[in-house]
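Here is a short report on one protein chain. Look at the structure first, then read on.

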Amino acid sequence: MLTSRAPCGQHRRADGLNSRPFTASTSAPRVPVASRAAERTAESSGRSLALPLPLHMQRCGTLARSSVASPEAQAQHAPGDNHASASESLMSSQLTWPSRSHGCGAVTTADIGSKVTICGWVDRNRDMGGVQFFDVRDHSGLLQVICEPQSVAPEVSRTASRLRNEYVVCVKGVLRARKDPNPKIPTGQLEVLAESVDILNVVTRSLPFPISEAEEQEPPKEDTRLKNRPSLDPHLPAPDPDPTSLPTPSSPSRPKMAANLRLRHKLLRLIRTFLEDRHGFMEVETPILTRSTPEGARDYLVPSRVQPGEWYALPQSPQLFKQMLMVAGMDRYYQIARCFRDEDLRADRQPEFTQLDIEVSFMDDKALQSLMEELVLQVFDQILGVTLAAPFRRISYAEAMDKYGSDKPDLRYGLEFVDVSPAVAGCGFKVFAGAVADGGVVKAIRVPDGKRISNTRIKPKGDIANEAVAAGAAGLASIRVAADGSLDAAKAIKEGLSPEQAAQLMAATGAQPGDLLLLAAGPRDTVHRALDRVRQLLGRDLGLIKPGDHSLLWVVDFPMFEFNPEEGRYQAIHHPFTAPRPDDWASGDYVNARALAYDLVYNGVEIGGGSLRIYRRDIQQKVFELIGLTPAEAQSKFGYLLDCFEYGAPPHGGLAFGLDRLAMLLAGAPSIRDVIAFPKTTQAQCALTGAPAAVADKQLVELSIASTAPPKQN
């Protein structure tokens with residue numbers, strides 16, 4: 001059953017955010033208003049009522065509360081506190097918009113003696129024998145204010161004494177040197193001798209979590225943070241001007257939201273400057289409302305009111321538009337593009353995301369990769385203060401899968417796979433022999449100094465063995481090499497390997513006394529997935545990843561196609577507009593051709609990927625045919641692109657960086673939600689606004705659609 005949500009202004013606050021009722025007249029009675037109907041009744045009777053802030057104003061407060069609260073700022077108002085009316089009596093009856101002369105963290109010793117006006121939030125307040133001290137913070141930092149009774153009017157001291165944490169204030173006074181400097185903050189040598197203190201807003205609700213992020217505190221739950229993110233979550237330190245002080249991917253500290261957003265802003269600004277000023281790229285916006293296309297993730301669909309029964313799709317990428325821009329002679333295009341994919345979520349995935357989209361004409365894959373390496377070097381230098389070397393390492397897809405079981409391997413540590421199938425083929429251990437006989441493989445990881453790993457962990461139900469099982473393997477076999485070079489393993493393995501096979505196994509793996517061999521057997525894909533998970537766990541658990549290590553590499557020569565057994569057809573691994581390697585295409589073995597595709601991998605995470613594109617109609621139509629599209633279907637879905645190719649399309653190629661993911665890695669954050677101002681949860685919901693939500697029946701009727709979803713149970 002479809003239901004209509006109440007208008008924004010009718011929602012009651014249930015999210016614990018800071019807000020206050022306000023009115024233009026302090027003489028008017030403060031009568032609660034539960035609905036617009038009550039408001040209209042009040043207006044007709046001539047009364048002035050104090051209305052709750054509209055929902056969008058309550059929840060979407062400033063994102064700029066960006067300086068960390070001190071550990072002392074812990075005093076919270078209990079829900080039953082009745083200080084609000086007394087505090088509000090200190091405020092002006094009119095809304096005011098004061099202008100500050102300085103940021104709280106921007107004053108310096110050169111400003112001593114100057115009249116200053118600062119605005120921000122009260123971090124803490126303390127009474128030292130009649131002398132009031134309180135700290136004010138804004139996006140730039142924190143600054144101490146002092147009210148001396150002999151220097152200010154009594155009402156100023158009285159106002160200062162009634163401040164509470166998170167009150168919004170405007171302070172005017174004289175900047176002077178502190179008698180007791182605080183070396184822990186940049187402005188610790190300075191303070192403001194207050195001449196006036198104006199309260200601009202107060203806190204009338206208990207905070208859902210402490211603003212301070214002192215290490216001894218338990219972090220708030222993520223759903224609480226997301227629900228209150230705009231107003232409360234970004235209370236974090238001002239950025240340090242030294243880029244090397246920004247968090248690195250190995251930093252153990254919890255990400256700071258406001259610092260992450262500043263890092264993201266700096267990243268985008270750097271990218272634009274690099275592409276436009278240094279390399280002549282042009283930013284071109286492409287449509288958000290476009291048409292649905294196959295060969296990708298599930299689309300987000302938007303019904304058309306003016307074309308009943310027809311649908312738009314939100315773009316998964318601007319792929320086809322940027323290719324047509326190349327045909328139009330744009331030569332070097334880029335866009336900070338918003339993209340949408342309706343797929344299962346995880347820590348590094350969101351339904352709406354941002355990517356740096358790039359397309360160029362008359363540039364081969366090596367030249368394009370070199371240009372992107374230059375950009376990445378600039379990013380790491382300017383954001384992290386880290387100097388990297390180019391060119392980056394390049395490995396083929398086949399090598400990556402063979403040695404690491406992944407097309408995005410983390411090369412900060414070793415633990416490469418070794419194919420021991422020839423050594424164990426035909427042995428007496430049926431698991432190994434059967435896997436090879438059935439066309440599968442047996443691969444091993446050699447772990448030096450294997451005594452670091454207990455038998456409990458590699459036996460069934462041990463955490464290491466469970467990683468292999470979670471990837472689909474039947475289990476994980478293990479062999480220890482004794483001090484005398486003999487093999488110590490389960491009885492079935494020891495008895496199943498002849499002395500010659502044992503020697504071949506030792507030689508193939510390079511095992512030494514004290515080493516541990518971990519082996520998986522079965523279909524090649526399953527073995528790769530299993531040992532990849534085991535390798536990643538060992539890399540973390542054994543401390544093989546050193547702080548400050550950075551691994552960047554290109555994975556190239558991906559297969560052009562893979563077979564989809566569920567649909568009984570081939571599908572493109574990247575997308576069907578990727579160009580095949582000319583030598584493979586010329587052989588006529590189309591389904592086994594390699595693509596001119598490339599992915600950029602950083603510390604085991606894909607941060608970018610692209611390819612050279614097909615720019616001839618005949619080859620593009622052949623690719624469509626191989627993935628099961630008839631000529632009529634191809635023309636219906638992609639005719640506008642195919643037609644473009646007949647107007648003199650230039651050779652071109654491109655790439656896209658996942659900006660959310662890159663910002664997450666640069667900030668050392670565990671999730672891309674920590675570098676996005678308004679992210680979705682893993683259930684694709686907005687904890688802040690409640691989206692997605694039901695809409696009125698009238699809206700559905702206008703769109704000529706009806707909902708078949710079962711009614712939700714209350």
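Of the 714 residues of the protein chain, 46% count as buried. Buried means under 20% relative accessible area, exposed means over 50%, and partly exposed lies in between (1.4 Å probe, protein chains only). The accessible surface of the chain comes to about 34400 Å², and carbon and sulfur atoms hold 52% of that surface. Such areas come from the Shrake-Rupley method with a 1.4 Å probe; for residues, only the protein chains shown count as cover.

This is a predicted model: local features need pLDDT of at least 70, side-chain atom pairs count only at pLDDT 80 or more, and totals for chains, interfaces and linings use all residues. Residues are numbered from 1 along each chain as its sequence is written, and side-chain values use heavy atoms, with hydrogens and water left out.

The protein chain has 21 helices and 22 strands. These are DSSP runs numbered from the N terminus: helices are H or I with at least four residues, strands are E with at least two.

**A helix with a buried face**

Helix α13 spans residues 463–470, and its buried residues are I464, A465 and A468. Seen down the axis of α13, they fall within an arc of 100°, so they line one face of the helix. The arc is that of the directions from the helix axis to the C-beta atoms. The cover over these buried residues includes α12 (455–458), β16 (516–522) and α16 (524–541). Just after α13, G472 takes a positive phi of about 105°.

**A hairpin**

Strands β18 (residues 561–564) and β19 (residues 569–572) pair in the antiparallel sense over four bridges. Two strands pair if DSSP finds at least two bridges between them. N564 stands opposite R569 in β19. The two strands form a hairpin with four residues between them, and G568 in the turn has a positive phi of about 65°.

**Aromatic pairs**

The structure holds nine aromatic pairs. Rings of Phe, Tyr and Trp (its six-membered ring) pair if their centres lie within 6.5 Å; planes under 30 degrees apart count as stacked, over 60 as edge-to-face and the rest as tilted. Two of the pairs are tabulated here.

| Pair | Centre to centre | Between planes | Type |
|---|---|---|---|
| Y397 and F558 | 5.2 Å | 40° | tilted |
| F563 and Y570 | 5.2 Å | 75° | edge-to-face |

Y397 lies in helix α9 (residues 397–404), and F558 lies in the loop between β17 (552–556) and β18, 161 residues apart. Y397 is partly exposed at 22% relative accessibility, whereas F558 is buried at 2%. Ring pairs also link F577, F624 and F638 into a cluster.

How values were computed
Contact means heavy atoms within 4.5 Å.
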